[in-house]
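Hi there,

Here is the structure I promised to pass on, with some notes to read alongside it. Please have a look at it first, and then carry on below.

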Amino acid sequence: MSHARGSAAPWNYVSRHPPRVRRKRGVLPTSSEMAGMQFLPFSILLGVLGILCVGLTGFWGRHWLGGFAWDGSSEMFNWHPVLMVTGMLVLYGTAALVYRVPLSWEGPKLPWKLLHATLTLAAFILVILGLVAVFEFHNRKKIPNMYSLHSWLGLTAVVLFSCQWLMGFSSFLLPWAPIWLRALYKPIHVFFGSSILSLVMAACISGINEKLFFRLTNATTPYSKLPAEAWFANILGMLILIYGLLVLWALALPAWKRPDANSYDIQEPLLREAR
């Protein structure tokens, strides 16, 4: 009887907290360590691409589009692509990959949830500023709003992103969401995360093309002749496409998915974990 009582507690503990496999000398690296070695160069490449996307967008606005201001002029509009690429593409893509970092596979998940929520909130703030820049410019210049395919794609991405953030906050942060609801919503949240990033890529590329047509249709050197600005903007569009596709590839790669994706602690809300 004493043996049965003594074995009950360890069995219950093990069932809820699986033991970690300790690595011995001479043993091959674990799958987590292998994934970490592969993820490091990939994350460096992705970081360089993200910096290039933001930096080249800013350079386009400074060198060819007249610089930046916040006064309703065309210089105010130039903030729109910079803020959107920074927020909806780079910060949002980074936030989507937080749970692919092998360091997040062990230990408490709370810091990674906070990082994910902070990055997406920062992206949302930049997106709102980007929308203010373009709508204020249009209204000052009496330009119609929301008539192009680019604007439809962009606003759809923003609306879905807003809903995604609110649903994620309500489901995974607040304590009143039941476990079955969080488990049901989690794959939907993941699906729309990738879908929103795809819409963002389409909106960025169509926006670049639209701006080039507006600027170079009646120019001395038309768009069809591929002047330096056209070369530059087309290359920027290709870098945005490559960045987005790499993020989507990393999200779909099974080797970089958190091993305990369906465990109880992931389904727990953030505030309950903090107690």
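Let me start with a helix pair. Helix 4 and helix 7 pack with their axes 10 Å apart, at an angle of about 140 degrees. Axes here are lines fitted to C-alpha atoms, for helices over the stretch in contact, and angles run from 0 to 180 degrees between N-to-C directions. Helices are DSSP runs (H or I, at least four residues) and strands likewise (E, at least two), numbered from the N terminus. The angle makes helix 4 oblique to helix 7; under 35 degrees would count as roughly parallel, over 145 as roughly antiparallel, 65 to 115 as roughly perpendicular, and the rest is oblique. The crossing of these two helices is left-handed, meaning that the near helix is turned anticlockwise from the far one by less than a right angle (clockwise would be right-handed).

On the helix 4 side, Val85, Met88, Leu89 and Tyr92 meet Phe192, Gly193, Ile196, Leu197, Val200, Met201 and Cys204 of helix 7. Contact means heavy atoms within 4.5 Å. By type, the residues of this contact are 10 nonpolar, 1 polar and no charged. In that count Ala, Val, Leu, Ile, Met, Phe, Trp, Tyr, Cys and Pro are nonpolar, Asp, Glu, Lys and Arg are charged, and the others, Gly among them, are polar.

Two words on the background. This is a predicted model, in which local features need pLDDT of at least 70 and side-chain atom pairs count only at pLDDT 80 or more, while totals for chains, interfaces and linings use all residues. Residues are numbered from 1 along each chain as its sequence is written, and side-chain values use heavy atoms, with hydrogens and water left out.

As for the overall picture, the protein has 10 helices and 0 strands. Of its 275 residues, 39% count as buried, where buried means under 20% relative accessible area, exposed over 50%, and partly exposed in between (1.4 Å probe, protein chains only). Taking contacts between residues at least 6 apart in sequence, 74% join residues at least 24 apart.

Helix 4 (residues 79-96) also packs with helix 6 (residues 149-172): their axes come within 13 Å and cross at roughly 45 degrees. That makes helix 4 oblique to helix 6, and the crossing is left-handed. His80, Met88 and Tyr92 of helix 4 make the contact with His150, Ala157, Val158, Phe161 and Gln164 of helix 6. These residues divide into 5 nonpolar, 3 polar and no charged. Next come the charged pairs.

How many salt bridges does the structure hold? There are 2, a salt bridge being a side-chain nitrogen of Lys or Arg within 4 Å of a carboxyl oxygen of Asp or Glu. One joins the side chains of Arg140 and Glu136, at 3.1 Å from N to O. Both residues lie in helix 5 (residues 110-140), 4 residues apart, about one turn of the helix. Glu136 counts as partly exposed, at 28% relative accessibility.

The side chains of Glu229 and Arg215 form a salt bridge as well, at 2.7 Å from N to O. Glu229 lies in helix 8 (residues 228-252) and Arg215 in helix 7 (residues 179-216), so this pair ties together parts that are 14 residues apart in sequence. Is Glu229 buried or exposed? With 5% relative accessibility, Glu229 counts as buried, whereas Arg215 is partly exposed at 33%.

The loops have a few points to note too. In the loop between helix 5 and helix 6 sits Lys142, whose phi is near 60 degrees, a positive value in a residue other than glycine. Lys142 counts as exposed, at 72% relative accessibility. The loop between helix 7 and helix 8 holds Leu226, with a phi near 50 degrees, again positive in a residue other than glycine. Leu226 is partly exposed, with a relative accessible area of 33%.

Tyr147 is found in the loop between helix 5 and helix 6 and is partly exposed, at 46% relative accessibility. Leaving aside its neighbours within four places in sequence, Tyr147 is in contact with Trp152 and Phe214.

Finally, Leu121 lies in helix 5 and counts as partly exposed at 38% relative accessibility. Leu121 and Trp165 are 44 residues apart in sequence and 7.9 Å apart in space, C-alpha to C-alpha.

Best wishes
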